[in-house]
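Dear colleague,

I am handing over the structure below, and after it I set out what was found. Please read the two side by side.

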Amino acid sequence: MGKLSKAGRYEQMIASVLRESKEPLTTREIIGRMVDRGYRMIPGSNQASQIMGRSRNFVKVEMNSERNISLWRVKEAFE
């Protein structure tokens with residue numbers, strides 16, 4: 001298997017955090033859990049949101065447009 005891009009590595013890290021949580025999380029909560037796990041290279045909140053929005057592995061569960069907050073889940077959790 002070839003090397004993953006930086007976005008690919010971030011996507012795997014985000015997916016592992018979401019699989020472990022078993023509940024939808026905001027982008028800030030995901031990043032906070034990545035810090036708690038001791039990951040060294042962590043995406044910013046905008047970068048993480050863009051990665052999750054473009055990937056088919058993640059599903060936006062709920063969005064509050066007033067506060068601009070989205071809750072994310074791994075797509076596998078629904079199937």
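On the side of helix α3 turned away from its buried face sit the exposed residues N46, G53 and R54, where exposed means over 50% relative accessible area, buried under 20% and partly exposed in between, with a 1.4 Å probe and protein chains only. This is a predicted model, in which local features need pLDDT of at least 70 and side-chain atom pairs count only at pLDDT 80 or more, while totals for chains, interfaces and linings use all residues. Residues are numbered from 1 along each chain as its sequence is written, and side-chain values use heavy atoms, leaving out hydrogens and water.

The buried residues of α3 are A48, I51 and M52, and because they fall within an arc of 95° seen down the helix axis, they line one face of the helix; the arc is taken from the directions from the axis to the C-beta atoms. An α-helix has 3.6 residues a turn, so residues three or four places apart point the same way. These buried residues pack against α1 (6–21), α2, β1 (58–64) and β2 (69–74), contact meaning heavy atoms within 4.5 Å.

The axes of α2 (residues 27–37) and α3 (residues 45–54) come within 10 Å and cross at roughly 110°, so the two helices are roughly perpendicular, a term for angles of 65 to 115 degrees. T27, I30 and I31 of α2 meet S45, A48, S49 and M52 of α3 there.

With kind regards

Note on methods
Axes are lines fitted to C-alpha atoms, for helices over the stretch in contact, and angles run from 0 to 180 degrees between N-to-C directions. Helices (H or I, at least four residues) and strands (E, at least two) are DSSP runs, numbered from the N terminus. Angles under 35 degrees count as roughly parallel, over 145 as roughly antiparallel, 65 to 115 as roughly perpendicular and the rest as oblique.
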